[in-house]
Amino acid sequence: WIARLVTLPLLTFAAFNGVLLVTHLPPVVDLALRQHQFHLFVHVVLVAAALLMWWPILSPLPELPRLSYPLQMGYLFLQSLLPAVMASFITFADGVVYDFYAEAPRIWGISPISDQQIAGGLMKLLGSLILWSFIAVSFFKWYAGEEAEAQGPRWSELEQELDRLGLNPK
């Protein structure tokens, strides 16, 4: 029952987005980049929250089932909103959001603001690409299931049922 509770979609959604928000606050990022142990802790928490977030979509256990395909699409769509907003703040900020990056040595002649804008754009594009790819897969699996159901049972399924009932004339 604990696993069922921990993997409830509303809880996993809230946990992941809360962790994502807190770990991207400027004081948290700056501390993580200056303190190795805290940096490791932040990444462990992010990975754990991400595993929980994906559980309603990819669960391999029948005891903790996946969401239906339409609910998967809705869940992933809602999941795409907060990271997009965060990426927008990072991309379109007037100044450097994270002090550590303003102080970091520059490579390839990229300014801190340009570096931040590239990072925010990548965060938005790659995150959206992953989530929307899974939305598309869920849609097509749902569509295929609906089509198969509309066509009725296949002959092999009827034969199996007749075998099970002992009515197959073979």
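**Exercise 1. Determine how helices H4 and H5 are arranged in this predicted model.**

Solution. 
Step 1: H4 passes H5 in a left-handed crossing.
Step 2: The two helices, with H4 spanning residues 36-58, pack at an angle of about 155 degrees, and their axes are 10 Å apart.
Step 3: Angles over 145 degrees count as roughly antiparallel, and H4 and H5 are therefore roughly antiparallel to each other.
Step 4: On the H4 side, Leu52, Met53, Trp54, Pro56 and Ile57 take part, and they meet Gln72, Tyr75, Leu76 and Gln79 in H5.
Step 5: Sorted by class, this contact has seven nonpolar, two polar and no charged residues.

**Exercise 2. Determine how helices H2 and H5 are arranged.**

Solution. 
Step 1: H2 covers residues 9-23, and the angle at which H2 and H5 pack is about 20 degrees, with axes 11 Å apart.
Step 2: Angles under 35 degrees count as roughly parallel, which makes H2 roughly parallel to H5.
Step 3: H2 and H5 cross in a right-handed way.
Step 4: Tyr75, Leu78 and Gln79 in H5 meet Pro9, Thr12, Phe13, Phe16 and Asn17 in H2.

**Exercise 3. Is Gln72 buried or exposed, and which residues does Gln72 touch?**

Solution. 
Step 1: Gln72 lies in helix H5, residues 69-79.
Step 2: The relative accessible area of Gln72 is 4%; buried means under 20%, so Gln72 is buried.
Step 3: Leaving out residues up to four places away in sequence, Gln72 touches Pro56, Ile57, Arg66, Leu67 and Ser138.
Step 4: With Ser138 there is a polar contact between the two side chains, at 2.7 Å.

Terms used:
Residues are numbered from 1 along each chain as its sequence is written. This is a predicted model: local features need pLDDT of at least 70, side-chain atom pairs count only at pLDDT 80 or more; totals for chains, interfaces and linings use all residues. Side-chain values use heavy atoms; hydrogens and water are left out. Helices (H or I, at least four residues) and strands (E, at least two) are DSSP runs, numbered from the N terminus. Buried means under 20% relative accessible area, exposed over 50%, partly exposed in between (1.4 Å probe, protein chains only). A polar contact is a pair of N or O atoms within 3.5 Å; within protein, one must be able to donate a hydrogen and the other to accept it, and residues adjacent in sequence count only if both atoms are side-chain atoms. Contact means heavy atoms within 4.5 Å. Axes are lines fitted to C-alpha atoms, for helices over the stretch in contact, and angles run from 0 to 180 degrees between N-to-C directions. Angles under 35 degrees count as roughly parallel, over 145 as roughly antiparallel, 65 to 115 as roughly perpendicular and the rest as oblique. A crossing is left-handed if the near helix is turned anticlockwise from the far one by less than a right angle, and right-handed if clockwise. Ala, Val, Leu, Ile, Met, Phe, Trp, Tyr, Cys and Pro count as nonpolar, Asp, Glu, Lys and Arg as charged, and the others, Gly among them, as polar.
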